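Student: Please take a close look at one part of this model. I would like to know where it sits and what it meets.

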Amino acid sequence: MKNFLLAFFSGFETESGDGEQAELLNYVNQAKEDWHAAQNYFQNVCDPELVDYAIYKIEETKRKYMYLLKQAKEEGVMQDQVL
């Protein structure tokens with residue numbers, strides 16, 4: 001199930017094995033970057049019609065990041081490795 005969810009969120013197939021934690025760490029870091037990009041977009045959007053989209057994007061990326069961060073903690077990925 002975990003591999004399916006990671007593949008769903010990332011758009012790529014995952015492999016099991018020793019590299020799985022490193023891969024999960026990459027997903028967490030990418031999700032955090034996406035969340036920050038969504039926040040930046042919201043801060044810079046000028047068109048009132050795009051404000052709702054910007055808010056939706058912030059919530060989407062935040063939830064994705066929080067989910068993957070939780071998975072990383074459950075898998076034993078060290079907290080100091082998460083940027």
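Tutor: Asn 40 has its place in helix α2. Helices here are DSSP runs of H or I with at least four residues, strands are E runs of at least two, and both are numbered from the N terminus. With a relative accessible area of 47%, Asn 40 is partly exposed. The cut-offs are these: buried is under 20% relative accessible area, exposed is over 50%, and partly exposed lies in between, with a 1.4 Å probe and protein chains only. Asn 40 and Ala 54 are 14 residues apart along the chain, and their C-alpha atoms are separated by 9.3 Å. Ala 54 belongs to α3, where it is buried.

A word on the source. This is a predicted model, in which local features need pLDDT of at least 70 and side-chain atom pairs count only at pLDDT 80 or more, while totals for chains, interfaces and linings use all residues. Residues are numbered from 1 along each chain as its sequence is written, and side-chain values use heavy atoms, with hydrogens and water left out.

Stay with α2. Tyr 41 is also found in this helix, which covers residues 20-44. Tyr 41 counts as partly exposed because its relative accessibility is 33%. Together with Leu 50, Tyr 53 and Tyr 56, Tyr 41 makes a nonpolar surface patch of about 400 Å². Patches take residues with over 30% relative accessible area and no salt bridge; like charges are joined within 9 Å, nonpolar side chains (Val, Leu, Ile, Met, Phe, Trp, Tyr) within 5 Å. The areas come from the Shrake-Rupley method with a 1.4 Å probe, and for residues only the protein chains shown count as cover.

Gln 21 is partly exposed, at 38% relative accessible area. Leaving out residues up to four places away in sequence, Gln 21 touches Glu 75, Gly 76 and Val 77. Contact means heavy atoms within 4.5 Å. Gln 21 and Val 77 are 56 residues apart in sequence, yet 6.4 Å apart in space, C-alpha to C-alpha. Gly 76 follows α3 and has a positive phi, near 85 degrees.

Next, the geometry of α2. The helix has 25 residues and should span 36 Å at 1.5 Å a residue; its end C-alpha atoms are 36 Å apart, so the two agree. The expected span is 1.5 Å times one less than the number of residues.

Then the inside. The buried residues of α2 are Glu 20, Leu 24, Leu 25, Tyr 27, Val 28, Asn 29, Ala 31, Trp 35 and Ala 38. In α3, the buried set includes Ile 58, Thr 61, Tyr 65, Leu 68 and Ala 72. The largest nonpolar core has 13 residues, of which Leu 24, Val 28, Tyr 65, Leu 68, Ala 72 and Val 77 touch the most other members. α2 and α3 each supply at least two residues of this core. The largest share, seven residues, comes from α2. A nonpolar core is a set of buried Ala, Val, Leu, Ile, Met, Phe, Trp, Tyr and Cys residues joined through side-chain atoms within 4.5 Å. Ala 72 shows the link across elements: apart from neighbours within four places in sequence, it is in contact with Leu 24, Val 28 and Val 77.

The partner helix also carries charge pairs. Glu 60 forms a salt bridge with Lys 57, with the closest N and O atoms 3.2 Å apart. A salt bridge is a side-chain nitrogen of Lys or Arg within 4 Å of a carboxyl oxygen of Asp or Glu. Glu 60 and Lys 57 are three residues apart in α3, so about one helical turn separates them. Glu 59 and Arg 63 meet in a salt bridge at 3.9 Å, N to O. They lie four residues apart in α3. Glu 59 is partly exposed at 34%, whereas Arg 63 is exposed at 61%.

Last, the setting. The protein has three helices and zero strands. Of its 83 residues, 27% are buried. Among contacts between residues at least 6 apart in sequence, 54% join residues at least 24 apart.
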